[in-house]
Amino acid sequence: MAAAIRAASTSLTLLASTSSSSCYYHSCPSIFSKLRLGPIWDISFAVTPLSSRRTKRMAHSIARATLGLTEPKKIDLSKISFAAKEIELVEWKGDILAVGVTEKDMAKDENSKFKNSTLQKLDLQLGGLLSEASSEEDFTGKAGQSTMLRIPGLGSKRVGLIGLGTAVPSAYRSLGEAVAAAAKSAQASNVAITLASSEGIATELKPTTASAIVTGAILGTFDDNRFKSETKKPALKTIDIIGLGSGPEIEKKLKYAEDVCSGIILGKELVNAPANVLTPGVLAEEATRIASDYSDVFTAKILDEEQCKELKMGSFLGVAAASANPPHFIHLCYKPPNGAVKIKLALVGKGLTFDCGGYNIKTGAGCLIELMKFDMGGSAAVLGAAKALGQIKPGGVEVHFIVAACENMISGTGMRPGDILTASNGKTIEVNNTDAEGRLTLADALIYACNQGAEKVY
């Protein structure tokens, strides 16, 4: 058990860090919309005295009704269509033709002409403008460099060179991000991306390279404008990947990149949402929506406060005690659509939708209390992974996604420094600092994960 908790703590740090900062393809209702709970959710309601339930409902409704009346905009992002093609660059027609180049690709002969065959052909078609512009702008192909030419009268309105440096694997994702930025600036609808030395990439690595470019392009295109009064709708409609192959294998890899990115973007949207919008209850609604959208592989169990008491989750409930927004314990379970389960895993994410520190309140310069909506970054990563998994549907693995969602606030009902809490495994915990809320909520979440029979907890 101790080893499992140590492993989980390490992995949770990684998950949370990758998610700071969905629906990328909004074929479903907008995030944070109210949901009807269908029959797939194992939800029960504990019976408490009527006066107690009424008081808690009233406190919750008051908290939700007076905090700015903010509702996120419903933004319909048009889907970007990706295609892998094998055509001559000069034959492609669209808004931007972007060529990823290394420092080696930019080598020139004694006449200041490109030695690279791909750049030679393109420069010839452009009447030498590409080599001339790269010399004038001292463009050498270093990572972060770019140059863009507007070319009238050709199939492509603009031709750009994007520096890759020495072309390490991460450079291909950066290429996609740079092209997305250029497309935003130019309000481009149709873009093509290629590499000056694509023939130098091993055949078996080309699908992975294309996938990295697409990942960068999707994430580079994403803007979270739900809380802005004025927004622009993205113009980008299609991205063609040229020179890295075509056919079912590479198309499958591009689809995989899209699925993973949709999960990443969900995580970004969850983390970006302010605490007056993303309460523990809304986070639970988002989890149930994932289960509804992918009901062929997911089931959801959302435990309320009374059900958590029945499981003796004193560590989790101690943190949640001060907030007017009630806690929700989230458990999504993925099972493959067919085939035997070979391994059971659990992903556990920290779910503090706001953390003021409790009675040990965060104060003073650098305390970052205004950023404590980010304290649910672990849960955002977990739910993002769940969404991606629901689309990819891997076989042979059962995965439990677990989040203890609550707020760490201050009130007369909250835990105090020096209080002793009892976790669901019977261990007692003396709270010397109420701002140690993460380990308290994760304690009951990790115990719950181990009780699901998970062989590994992350």
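Buried means under 20% relative accessible area, exposed over 50%, and partly exposed in between, with a 1.4 Å probe and protein chains only. Helices (H or I, at least four residues) and strands (E, at least two) are DSSP runs numbered from the N terminus.

We're working on a predicted model, where local features need pLDDT of at least 70, side-chain atom pairs count only at pLDDT 80 or more, and totals for chains, interfaces and linings use all residues. Residues are numbered from 1 along each chain as its sequence is written, and side-chain values use heavy atoms, with hydrogens and water left out.

**Exercise 1.** Work out why strand β2 counts as largely enclosed, and find its partners.

*Solution.* 
- Now the pairing, which takes at least two DSSP bridges between two strands. Strand β4 (residues 156–163) runs parallel to β2, joined by 7 bridges; here Ile96 has Arg158 as its bridge partner.
- Strand β5 (residues 190–195) also pairs with β2 in the parallel sense, over 5 bridges, and Gly100 sits opposite Leu195.

**Exercise 2.** Check the span of helix α12 (residues 437–451), then its burial.

*Solution.* 
- The expected span is 1.5 Å times one less than the number of residues.
- Just past the helix, Gly453 has a positive phi of about 85°.
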